[in-house]
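Trainee: I have a model open and would like to understand the labels attached to it. Could we go through them together?

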Amino acid sequence: MKLLRNVIILAAALALSGCIKDSDGEKVGSITRLSKDGWIPLCKTWEGEIIRGGMSNGTGILGGTPFHFTVSSDLADQVKQAMESTKEVKIHYHHEKFVVLGSCSSKSDGNFLDSIEIVH
């Protein structure tokens, strides 16, 4: 009985934590989108998109596959400035697996921006 109780307590603690960080990394490219998304007013999040490879030799042709990520409010201005400058950036991000269903913290498959820096 004591083991079952401990397992239930551990499962509840994990469920209430919301997510588990399972990886992190970096990507280089051009920011192509920043928007505040969500249909529940209190759960709107800043969502961004980077195209890896950036602009193709200044031709305006985008290369690569888009990568979607959630941006915290304190980084949203930096992402907006990078997008408006059309300069290539390096983003540092981490990925989280959600334990709680219906979490409103990300619309980007669990990718969260940690920092952004202009490369060129």
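Mentor: Gladly; let's take the labels one at a time.

Mentor: This is a predicted model, where local features need pLDDT of at least 70, side-chain atom pairs count only at pLDDT 80 or more, and totals for chains, interfaces and linings use all residues. Residues are numbered from 1 along each chain as its sequence is written, and side-chain values use heavy atoms, with hydrogens and water left out.

Trainee: Why is Lys80 called partly exposed?

Mentor: Buried means under 20% relative accessible area, exposed over 50%, and partly exposed in between (1.4 Å probe, protein chains only). Lys80 has 42% relative accessibility, so it counts as partly exposed. Lys80 sits in helix α2; helices (H or I, at least four residues) and strands (E, at least two) are DSSP runs, numbered from the N terminus.

Trainee: What makes a set of residues a nonpolar core?

Mentor: Its members are buried Ala, Val, Leu, Ile, Met, Phe, Trp, Tyr and Cys residues joined through side-chain atoms within 4.5 Å. The largest one here has 15 residues, and Ile31, Phe69, Val71 and Ile91 touch the most other members. Helix α2 gives the most to this core, with four residues.

Trainee: Which residues does Ile31 contact, beyond its neighbours within four places in sequence?

Mentor: Contact means heavy atoms within 4.5 Å. Among the partners of Ile31 are Glu49, Phe69, Val79, Ile91 and Ile116.

Trainee: How far apart are Lys80 and Ile31 in space?

Mentor: They are 8.4 Å apart, C-alpha to C-alpha, and 49 residues apart in sequence.
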